[in-house]
Amino acid sequence: LRPKVFMVSPSGSFARGWDIAVAVGLVLTAILTPFQVVFVEAGMGFSFVVDRCLDAFFLLDMIVSFLRPQKQVYQGRVTPPPSTYTGVALKYLVGWFTIDLLS
């Protein structure tokens, strides 16, 4: 069997670091968005650049989510995460994908 080269281990150091980066991105969004709505005029300034960087980061997060298996809990039992790209992608598509896309 060939190893899944691009599959992200859900318990690996990359996943932990990525989760922290996503949390920081969410906190920045939660702080900056109300500030920008109230105090910043629309335009192509620094605020615009920061927003586009955050948008790009969250788009990258969606791509990583297609490569990162998640544990499945069903009726109190934890089942192993999918081990194929198709299984991981389908699990993401029927789970968080719509919410991520709309946000």
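Gln70 is partly exposed because its relative accessible area is 41%, where buried means under 20%, exposed over 50% and partly exposed in between (1.4 Å probe, protein chains only). The model is predicted, so local features need pLDDT of at least 70 and side-chain atom pairs pLDDT 80 or more, while totals for chains, interfaces and linings use all residues. Residues are numbered from 1 along each chain as its sequence is written, and side-chain values use heavy atoms, without hydrogens and water.

**Loop**
- Gln70 lies in the loop between α2 and β1 (72-74); helices (H or I, at least four residues) and strands (E, at least two) are DSSP runs, numbered from the N terminus.
- A distance of 8.3 Å separates the C-alpha atoms of Gln70 and Pro80, which are 10 residues apart along the chain.

**Surface**
- Phe35 belongs to helix α1 (residues 13-39).
- With 45% relative accessibility, Phe35 is classed as partly exposed.

**Largest pocket**
- Its lining comprises 27 residues, and Val22, Phe58, Asp61, Tyr92 and Asp100 lie nearest the centre; a pocket is an open set of points on a 1 Å grid over the protein atoms alone, where a 1.4 Å probe fits, with protein on both sides within 12 Å along at least five of seven lines, and lining residues have an atom within 4 Å of a point.
- At least two lining residues come from each of α1, α2 (46-65), α3 (85-94) and α4 (97-102).
- Helix α2 gives the largest share of the lining, eight residues.
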